[in-house]
Amino acid sequence: MKEDNCLHAALICLGMLCYSHAITTEKLNHARPSLHGHHEKGKEGQVLHRSKRGWVWNQFFVIEEYTGPDPVLVGRLHSDIDSGDGNIKYILSGEGAGIIFVIDDKSGNIHATKTLDREERAQYTLTAQAVDRNTNRPLEPPSEFIVKVQDINDNPPEFLHENYHANVPERSNVGTSVIQVTASDADDPTYGNSAKLVYSILEGQPYFSVEAQTGIIRTALPNMDREAKEEYHVVIQAKDMGGHMGGLSGTTKVTITLTDVNDNPPKFPQSVYQMSVSEAAVPGEEVGRVKAKDPDIGENGLVSYSIIDGDGMDMFEITTDYETQEGVVKLKKVLDFETKKAYSLKVEAANVHIDPKFISNGPFKDTVTVKISVEDADEPPVFLKPSYIFEVQENAASGTVVGKVHAKDPDAASSAIRYSIDRHTDLERYFIINAEDGNIKTMKALDREEIAWHNISVFAVEVHKQHQEAKVPVAIKVIDVNDNAPKFAAAYEAFVCENARSNQQFITISADDKDDSANGPRFIFSLPPEIIHNPNFTLRDNRDNTASVLVRREGFSRQKQDLYLLPIVISDGGLPPMSSTNTLTIRVCGCDSNGSLLSCNAEAYILNAGLSTGALVAILACIVILLVIVVLFVTLKRQKKEPLIVFEEEDVRENIITYDDEGGGEEDTEAFDIATLQNPDGINGFIPRKDIKPEYQYMPRPGLRPAPNSVDVDDFINTRIQEADNDPTAPPYDSIQIYGYEGRGSVAGSLSSLESATTDSDLDYDYLQNWGPRFKKLADLYGSKDTFDDDS
């Protein structure tokens, strides 16, 4: 490779030299005239001077990426005024002058001092000038020239992406375009073949190929199957120099995926499926599943299932589970093991979406046989009817047969059945059922007018399996019997005017019958035979279940008779008919000339100047009430008794009790509690009863009474208090007791003046000064008088 590059560079240099020589020759032929140029003769004898160009130059080229030991000679500048004596100085300026390009100012040779890269810069524009070396005076005007960097093949092709991804449908025809890959080359596309690319496939044969000039990848094999291989890895190469030897290359990877098409029909993995289901299963319950395999994916692999034949088409159905792509067989109707024990279905699986391109591959569906066996289950009894309706006449005797229900065990064992009535539906126990045969009878007489329909429930239970039971509703209609006579439809009360005319109708009556319509209307109204010739009133049957009462004579008087009772016989239309006699109350009233009622009271004529009957009754009622209140008041007063217990607040003597006790002076802070003195027993919760006589007389206990000459007044008083407290005959209050004894042995003597016959002037109170601070106040009161007298 290195030798090829050297040879290529040598050829380029040789070509450049030949090209430069040709250009130089042409330039010289067209150069401006030198200072010594020849003369030409123009028109009309005018001499024209042909000037000659002073520069010998051309367009220079330099090869990129040159790595030789010496600078590269780019070219030489020379002016025809240069005589070679060294007085001419060449100057170079412009792009890269002095850095990349340098010039020998004597010879005009230009060298490149650095390696150049065309991909960075393709050409440089420089300016050359010849000046006098000594004076730097320009000898020629500046002239521009271009140095072009000659391209070499130093850049390999590069693809736009390192990896490509593409899809192509499976079963595509040969030559189907898959994807186009594109590479680029940084070399000069206008010079040589450095940028001329050629594509080729390195990996991926024989499935794919690539167009050499465009890079388009195409399928190379027919009928590629995704189910066999879904993904392919292809390597594409791009090579410059037109693909010739010595060119550079680059590669890229292309991942090609085959997309799915519906080219495979669904297929069942087996020809027969076996399933089983209990006869106790309810409709909608799942029986089993089938699945047809389809190697296609997505919507191409969607499969729908259907039942196309078989003896179980009416009993079973199939749906599609699109998540699992399974056919779900479900029960459609209730099964009976005793009737049929096995069913067969023919199930078809077909693709939902079919591609017309592959319709020739065959029918995109498959069939399978599904055999379903019914398993016996322990079933409860079954009534022959879903419900029963019976009839029985009302008032039928107890034990009358109403009807019969019947149930059987559907199982093969056919167990015996026992019957019973749900007593929650027959709380009054009107009916009873025979547990063996299911006959229903009455237990008491029925009344249609009370209950017209009886709705009960009957249980059927297997004798040996009590948990297996069935329930059926039984409706019993009570047939009407004509056992109710018709009566007035309302509580009629008629009014007739005193001035009524003969044959005048004053009321219309109707009847009501509790029996059924068959035993009710039509009602027949009549008067009893004994009063059929009633002189006052007559009756007319209107034949529409009503009757009119008319006046037979003219004129009535309230004073003579204000109330009439008219019996009316009403018969119904039953077989046999029933009748009843109803009494119509007729009042005689006063009316005006227009027949409007004014008053219906007979007393209005008798007491017209006094009070009415209603007013008298009200007055009497008030008097009776007042008398009752007075009697009750007197009775309560007599029954009022004196309270048995005397309470403290009822003692009116509380505020008049006095004690002639002189006390101990101002410093005496101890006093008796008046409440305690009044009722000492009340402290302990004991209240004496005035109506109870004491059972024994209190006897003072020995030892409690002090000695006669005792001077201990406190003991004396305490003894008396204790005696009074313990005496049940003592009243519940303290009596007035006066103690005039002041004690013995006191140096002060008696302070009482009750027994003293002396006067104030005879007393000497000086000794009070010696009694201490307790008598200081008394000494000051009585001693001050003496002092005052002495001073006077």
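Colleague: Which residues does A97 touch, not counting those up to four places away in sequence?
Modeller: A97 touches L92 and L126, where contact means heavy atoms within 4.5 Å. This is a predicted model, so local features need pLDDT of at least 70 and side-chain atom pairs count only at pLDDT 80 or more, while totals for chains, interfaces and linings use all residues. Residues are numbered from 1 along each chain as its sequence is written, and side-chain values use heavy atoms, with hydrogens and water left out.

Colleague: Thanks! Where does A97 lie?
Modeller: A97 is in the loop between β7 (88-94) and β8 (101-103). Strands (E, at least two residues) and helices (H or I, at least four) are DSSP runs, numbered from the N terminus.

Colleague: And how accessible is A97?
Modeller: A97 counts as partly exposed, at 22% relative accessibility. Buried means under 20% relative accessible area, exposed means over 50%, and partly exposed is in between, with a 1.4 Å probe and protein chains only.

Colleague: What about A280, buried or exposed?
Modeller: A280 is exposed, with a relative accessible area of 52%. The residue sits in the loop between β21 and β22. The C-alpha atoms of A280 and D376 are separated by 8.1 Å, and these two residues are 96 apart along the chain.

Colleague: Let's go inside. Which residues touch the most other members of the largest nonpolar core?
Modeller: Those are V290, Y305, F316, V347, V370 and I372, out of 26 residues in that core. A nonpolar core is a set of buried Ala, Val, Leu, Ile, Met, Phe, Trp, Tyr and Cys residues joined through side-chain atoms within 4.5 Å.

Colleague: Which elements give two or more residues to this core?
Modeller: They are β21 (272-278), β22 (286-290), β23 (303-310), β24 (316-321), β25 (326-331), β26 (342-351) and β27 (365-375).

Colleague: What is V290 in contact with?
Modeller: Leaving aside neighbours within four places in sequence, the contacts of V290 include Y305, V347 and V370. F268, Y273 and M275 are also among them.

Colleague: New topic: aromatics. How many aromatic pairs are there?
Modeller: The count comes to 15. Rings of Phe, Tyr and Trp (its six-membered ring) pair if their centres lie within 6.5 Å; planes under 30 degrees apart count as stacked, over 60 as edge-to-face and the rest as tilted. Take F537 and Y564: their ring centres are 5.6 Å apart and their planes are at 75°, so this pair is edge-to-face. The pair links distant parts of the chain, with F537 in strand β41 and Y564 in strand β43 (residues 563-571), 27 residues apart.

Colleague: Are F537 and Y564 buried or exposed?
Modeller: Both are buried. Y564 also pairs with F556: the ring centres are 5.7 Å apart and the planes are at 75°, so that pair is edge-to-face too. F556 is buried as well. Ring pairs link F506, F537, F556 and Y564 into a cluster.

Colleague: What sits over the ring of F556?
Modeller: The charged end of R553 does, 4.2 Å from the ring centre. A charge sits over a ring if NZ of Lys or CZ of Arg is within 6 Å of the ring centre and within 35 degrees of the ring normal. Elsewhere, the charged end of K341 sits over the ring of F337, 4.7 Å from its centre.

Colleague: Now the sheets. What is the strand order in the open sheet with β41?
Modeller: Four strands run in the order β37-β39-β42-β41, with antiparallel pairing. Two strands pair if DSSP finds at least two bridges between them. The edge strands are β37 (487-488) and β41 (537-541), each pairing on one side only.

Colleague: How many bridges join β37 and β39?
Modeller: Two, in the antiparallel sense, with β39 covering residues 505-512. K487 stands opposite D512 in β39.

Colleague: Last one: which residues cover the two faces of β4?
Modeller: In β4 (residues 60-63), F60 and V62 lie on one side and F61 and I63 on the other, all buried. β4 pairs with strand β11 (residues 143-150) in the parallel sense over four bridges, and F61 stands opposite K148 in β11.
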